[in-house]
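Subject: Handing over a structure

Hello,

Here is the structure I promised to pass on. Please have a look at it first, and then read on for what turned up.

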Amino acid sequence: MTEPYMRVEKLVKKFGPFMALNGVDLEVYPGEVHALLGDNGAGKSTLIKILSGVHEPTSGSIYIEGRAKKFRSPRDATAAGIGTVYQDLAINQLMSVTRNFFMGRELTSAFGKLRMDEMNQIAHDEMLKIGIDFSDPTQAVGTMSGGQRQTLAIARAIYFGAKVLILDEPTSALGQKQQMEVLKTIKRVRARGDIAIIFITHNEIHSKLVADRYTFLALGQVIGSGPKAEIEAQDIRRLMAGGAEMKDLEHELSQI
Ligand SMILES: Nc1ncnc2c1ncn2[C@@H]1O[C@H](COP(=O)(O)OP(=O)(O)O)[C@@H](O)[C@H]1O
Ligand SMILES: [Mg+2]
């Protein structure tokens with residue numbers, strides 16, 4: 001097998017006395033979708049905030065291509081090839097697609113003039129590569145569908161060098177048709193072969209449709225992890241319930 005692009009070992013994060021992560025291991029491989037699952041409060045967001053340089057871990061290590069790294073800021077994580085698409089997308093609805101694509105990283109001429117034609121072309125081409133032909137990127141983002149906005153945020157992360165693409169619940173706020181568009185985008189990014197995707201989701205069906213590998217978190221610990229075939233042989237439903245025995249829960253509900 002290829003080497004993992006990123007490996008995380010024994011990650012611990014305490015907030016005061018509270019252990020939000022308690023010894024988490026994770027490996028991500030280029031060309032693979034790694035689904036990160038777990039109930040609310042399991043520690044998923046805390047984990048990705050550490051990988052994105054938002055939080056520093058209490059202890060544990062992050063290796064990028066075999067080398068130990070310390071992220072002191074989101075800038076460090078971006079420089080190491082970690083691109084995170086948060087649920088709120090950090091998109092300004094009133095600005096154009098292109099201006100959002102290049103926000104804070106605009107191409108300018110020697111006199112500080114924006115190279116708009118070039119930026120429009122790049123924004124269009126990069127989105128087309130992963131599935132949307134948005135012919136006029138000078139339009140406001142407000143004219144895009146929810147799925148297209150996700151694709152914009154993903155194309156932007158990749159263009160600016162993401163080798164690990166972290167998607168935090170990209171399908172959760174969307175209708176069914178839009179959800180499918182986002183899953184298609186995820187598969188197209190996967191097909192490039194050079195990017196590792198961490199796909200955080202509550203949706204068992206979505207993870208089954210696109211994931212190659214799973215990690216289940218519960219109360220800050222990994223309760224199940226492995227390639228799709230291995231995990232599916234176990235009981236995904238039980239793991240989804242965060243380690244709670246589904247049969248017990250069903251029994252409890254049947255008593256009402
Ligand atoms: N900044 C913080 N300060 C204190 N506790 C936090 C903080 N962030 C998260 N937690 C706690 O850590 C646990 C894991 O939260 P989180 O990572 O957001 O879980 P998830 O994203 O899986 O729902 C929760 O119990 C949450 O209340
Ligand atoms: Mg969360």
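In which strand does Lys10 lie? Lys10 belongs to β1, which covers residues 6-15; strands (E, at least two residues) and helices (H or I, at least four) are DSSP runs numbered from the N terminus.

Before more detail, a word on the source: this is a predicted model, in which local features need pLDDT of at least 70 and side-chain atom pairs count only at pLDDT 80 or more, while totals for chains, interfaces and linings use all residues. Residues are numbered from 1 along each chain as its sequence is written, chains are lettered from A and ligands numbered from 1 in the order in which they are written, and side-chain values use heavy atoms, with hydrogens and water left out.

Back to Lys10: its phi is near 50°, a positive value in a residue other than glycine. Lys10 has 56% relative accessibility and therefore counts as exposed (exposed is over 50%, buried under 20% and partly exposed in between, with a 1.4 Å probe and protein chains only). Glu65 also has a positive phi, near 45°, and is not a glycine. Glu65 sits in the loop between β4 (59-64) and β5 (67-69), and its relative accessible area of 54% makes it exposed.

Next, the sheet. Four strands form an open sheet in the order β2-β1-β4-β5, with antiparallel pairing (two strands pair if DSSP finds at least two bridges between them). β2 and β5 are the edge strands, each pairing on one side only. Between β1 and β2 there are eight bridges in the antiparallel sense, and Met6 has Val28 of β2 as its bridge partner.

Now for the ligand. Which residues are around ligand 1? They are Phe15, Phe18, Ala20, Asp39, Asn40, Gly41, Ala42, Gly43, Lys44, Ser45 and Thr46, where near means that a heavy atom of the residue lies within 4 Å. By class, this shell holds four nonpolar, five polar and two charged residues (Ala, Val, Leu, Ile, Met, Phe, Trp, Tyr, Cys and Pro are nonpolar, Asp, Glu, Lys and Arg charged, and the others, Gly among them, polar). α1 gives the most to the shell, with three residues.

Oxygen atoms of ligand 1 lie 2.9 Å from a backbone N or O atom of Gly43, 2.9 Å from a side-chain N or O atom of Ser45 and 2.6 Å from a polar side-chain atom of Thr46.

Best wishes

Notes: A polar contact is a pair of N or O atoms within 3.5 Å; within protein, one must be able to donate a hydrogen and the other to accept it, and residues adjacent in sequence count only if both atoms are side-chain atoms.
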